[in-house]
Amino acid sequence: MGENVPAIANLTFDFFTAARQGQEEGNIVLNRILNNNLTCDEESGEDKDKLLAALCKQHKLEFLRKVIYAPLRNEENFIGLCSQIINKFSLTDPGTKKEILFYMAIAPSAYESVLQNLNKHCHALREEKVAIKVALEKPFGLDKADAESMSKKILNLYSEEEIYRVDHFLGKPVVKAILPFRFLNPEIEKVLDKDHIEKVEIFLKETISVEDRVHLYNSLGVLRDIHQNHLTQLLALVAMDLPPDLRDSSKVQENKERLLHQIEMVRRHNSLFGQFSEYASLVQKLESNSTASDNVPTFAASVVKINSPRWRNVPFILVSGKLLDTRESFIRIVFKNNYVCISHCENEESSDERKYTKQLVFHIGHGHLRRPSILASKSLQEPECPNNFLKSTDPRLFGRSVIYGENPKHFYPCTVVRDVPAYESIISNILGGKQDNFVSTKLLILSWKVWDYLVSAPKKIRIYEKADPNGQLNFVVKESQLEYIHTDEDAEESLSNKSVVTHSEVMQDYIQTPASFLGRKLVTSHTDHLAFLLARDIDRMAEIEILNKGSFHIAFSGGTSLVQVFRMLAQSFANLHWHSVHVWQVDERCVPHQDERSNFQTLDRELLRFVDIPYSNIHAMPVYIGGRLCDEELGGAHAYADSLRHIVPNSQLDFIVLGLGADGHTASLFPSSSDVHVDSNTFVVTTTDGPSDTSHRMTLTLPLINRAKRVGIFVTGKHKRDIVNQLESSKSVDTYPILGVNPINGTVIWYMDYNAYTGGVNVL
Ligand SMILES: O=C1O[C@H](COP(=O)(O)O)[C@@H](O)[C@H](O)[C@H]1O
């Protein structure tokens, strides 16, 4: 078995297998192992391999002699299984090392109950001083929160050291050789950084479909199936800093963790999605009870950025898909090339290597190469090959071309000597306790952080034909953005003879009643959901604005209703690119920030402190200067207006969130106040008096509010029902300042909960 063969060969194994199936079905599966030649005869053809095949058969027989199958359906079954295991250990010599591996190749939804039962009924193993290991197969959660809660439950039963989360890619020979290769080749390692690297492609292309696992796949899609785990692990291995000693497992994990920390969360504009054209009908055929989710891509490409001095701005392009033209997985590191060829550029025999794309390719499997290999362009230094790899110039080792039609002649190859199957290596590593080849809880959560937003964000999905014959999935990378080369129309036309499934657009419609309010869009829902809808709209608009102009400017009112929206943004939208968000205030009471009436205090307590917003992007109203409150002489309102003019492009806020007072006021513009008619040139921000003498305030005025791109008015509670009614029958801005909200080139959306809109009767 793999690299630990000698150690493991000396161990004595017993195998207890268990599943929900009955005894007979279990025995049938075991017999199939003996009679299935696949794993033994794969390499037949040469005498040496025939010998291996015979050996393999012998191993299978030995395995079958030692294996016991028992159905595992209820607590009694667990008691029975555990007592058999404990008996076996009690019979072993006291001097022998005792170890048990519980290998869970089961649905993750069953982990908790199975592990609980094993922990409870096999507890005597701990008294017998048996070392326990638990191997788990992915998917480890459907999103970050799910992964966290799953891990917490498991860690209540078994310790971090006892858990081995398997990512089988980490068992593939080329993947295992990435760090040793980098370590052995300091001259190449030296140039793996932003100054020398143009881009890194990490690809896992497949030709298979999802027939045999459509049920699971329909809840995953390619992002959860491949990107969050396999591709992110590969990215970590090529981009992490090397520890001084590769044998130091904890240092390896630590450096990997640091790298994952530095990856920026992936968003929709960094990504492209596709779904093969038969996917929906396949789901319908095989899963009569479910329909294909609109949000399940079978192809995805994302550009991932690492925010570190070493890798800043280098695009890491992660791609995977089903039913593509070839099966191939590789990491291709492409070096910058500033060489310009003028003459004899087509001359293949030219010795000038500079004109070829300089690259380092970790060819993990399949494709045209006959064997998994590591290939370095000849224009790089000739590399040292890691253990289990040999330098080879034998052209038979290559297929037609290396990658993208590159000529094999231009590479130094390190070719694998023994292509150890990934699972063989994984099991050896569990038995050898090599923790750094597994996904620790920290690494799991960090890698989820990268993908958490994208997996559940609504996606625009392009339908593609099997093997993508017209290259409709080909794309270009523009900074942090990916764009299909063919337009959506082209892509649809090429599918026009097929039955095309329609897919949701990025901006889905609001969940709303058919009504509008005062001629503006109206969104109604229960209060919690309404807060979610407003927060989601803010998130969506922020993403678009940041994409278009690099920043998003939002102003929030004070008051208690918005607390729910702040909490929603903090809890569910913390992943928004807060670095590019500027937060302004619509109005503020003339009190110090420590005063509990301060709007800023609420905004900070409920939102700002929970998100990654730079201090310089927070624009609190200057109501307290030099110990004086809203002193006109100190010009706080003017200063705020100036900041807005200088910082907000065109003084146009992207989003303003207003409230509505039961008296019809909004911002701090109260009924009958002259402030509703201020001169737009002088008073875009002003100080004003509230309803009682003591409540002096600072507020944005209508000319500024009406420059905004979007205004959302958030109204909740039964006590607002009357004012909502009154607004429908009045046009007077003096009586109801809210009626002065009419953005010149922007939109207004009313967000009203059922209590405010109907007085408590649900609207269907
Ligand atoms: O884990 C998974 O990986 C396989 C691809 O692995 P390979 O070793 O055959 O390259 C993929 O087909 C499957 O969807 C995914 O769950």
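Colleague: Terms first: buried means under 20% relative accessible area, exposed means over 50%, and partly exposed is anything in between. Where does that put Lys-709, buried or partly exposed?

Modeller: Lys-709 has a relative accessibility of 26%, so it counts as partly exposed. Keep in mind that this is a predicted model.

Colleague: Fine. What does the Lys-709 side chain meet in a salt bridge?

Modeller: Its partner is Asp-654, with 3.4 Å from N to O. Asp-654 sits in the loop between helix H21 (636-647) and strand E26 (655-659), and Lys-709 in the loop between helix H22 (702-705) and strand E29 (710-715), so the bridge ties together parts that are 55 residues apart in sequence.

Colleague: And Asp-654, buried or exposed?

Modeller: Buried, because its relative accessibility is 0%.

Colleague: Start with Arg-310. Which residue does it form a salt bridge with?

Modeller: Asp-241, where the closest N and O atoms are 2.8 Å apart. That pair links distant parts of the chain, 69 residues apart. Arg-310 is in the loop between strand E8 (299-304) and strand E9 (316-321), while Asp-241 is in the loop between helix H12 (214-239) and helix H13 (249-262).

Colleague: How do those two come out on accessibility, Arg-310 first: buried or exposed?

Modeller: Arg-310 is buried, as its relative accessible area is 18% and the cut-off for buried is under 20%. Asp-241 has 37%, so it is partly exposed.

Colleague: Next, Arg-182. Where is its place?

Modeller: Arg-182 is in helix H10 (residues 178-184). With a relative accessible area of 2%, Arg-182 is buried.

Colleague: What does its side chain make a polar contact with?

Modeller: The side chain of Glu-189, at 2.8 Å. Leaving out residues up to four places away in sequence, Arg-182 touches Glu-189, Leu-192, Leu-237, Val-238, Ala-239, Met-240, Asp-241, Leu-242 and Arg-310.

Colleague: How many salt bridges does a search of the whole structure find?

Modeller: The count is 39. As background, side chains of opposite charge can pair when their charged atoms come close.

Colleague: Give me one more. What does Lys-120 form a salt bridge with?

Modeller: Glu-75, with the closest N and O atoms 2.7 Å apart. Lys-120 belongs to helix H6 (residues 111-121) and Glu-75 to helix H5 (residues 75-91), so the pair ties together parts 45 residues apart in sequence.

Colleague: Is Lys-120 buried or exposed?

Modeller: Exposed, because its relative accessible area is 54%. Glu-75 counts as partly exposed at 33% relative accessibility.

Colleague: Switching to the ligand. Which residues are around the ligand?

Modeller: Lys-138, His-168, Phe-169, Lys-172, Glu-206, Ile-208, Arg-213, Asp-225, Ile-226, His-230, Lys-322 and Arg-327. By class, that shell has seven charged, three nonpolar and two polar residues.

Colleague: What about polar atoms against the ligand oxygens?

Modeller: A side-chain N or O atom of Lys-322 is 2.7 Å from an oxygen atom of the ligand. For Lys-138, a polar side-chain atom lies 2.9 Å from a ligand oxygen, and for Arg-327 the value is 3.0 Å. As for cover, the ligand on its own has 390 Å² of accessible area, and the protein covers 82% of that.

Colleague: Backbone now. Which residues does a cis peptide bond join?

Modeller: Lys-138 and Pro-139, with omega about 5°. Pro-139 is in the loop between strand E4 (131-137) and helix H8 (144-155). For context, most residues other than glycine have a negative phi, and most peptide bonds are trans.

Colleague: And what phi does Leu-518 have?

Modeller: Leu-518 is not a glycine, yet its phi is positive, about 50°. Its place is the loop between strand E18 (516-517) and strand E19 (520-525), and at 36% relative accessibility Leu-518 counts as partly exposed.

Colleague: What about Ser-651: where does it lie?

Modeller: In the loop between H21 and E26. Ser-651 has a positive phi of about 50° and is not a glycine either. Its relative accessibility is 14%, so Ser-651 counts as buried.

Terms used. Residues numbered from 1 in each chain as written. Predicted model: local features only at pLDDT ≥ 70, side-chain atom pairs only at ≥ 80, totals over all residues. Heavy atoms only, no water. Salt bridge = Lys/Arg side-chain N within 4 Å of Asp/Glu carboxyl O. Helix = DSSP H or I, 4+ residues; strand = E, 2+ residues; numbered from the N terminus. Buried < 20%, exposed > 50% of the residue type's maximum accessible area, 1.4 Å probe, protein only. Polar contact = N/O pair within 3.5 Å; in protein donor to acceptor, adjacent residues only side chain to side chain. Contact = heavy atoms within 4.5 Å. Near = heavy atom within 4 Å. Areas by Shrake-Rupley, 256 points an atom, 1.4 Å probe, with all protein chains shown as cover. Nonpolar A, V, L, I, M, F, W, Y, C, P; charged D, E, K, R; others polar.
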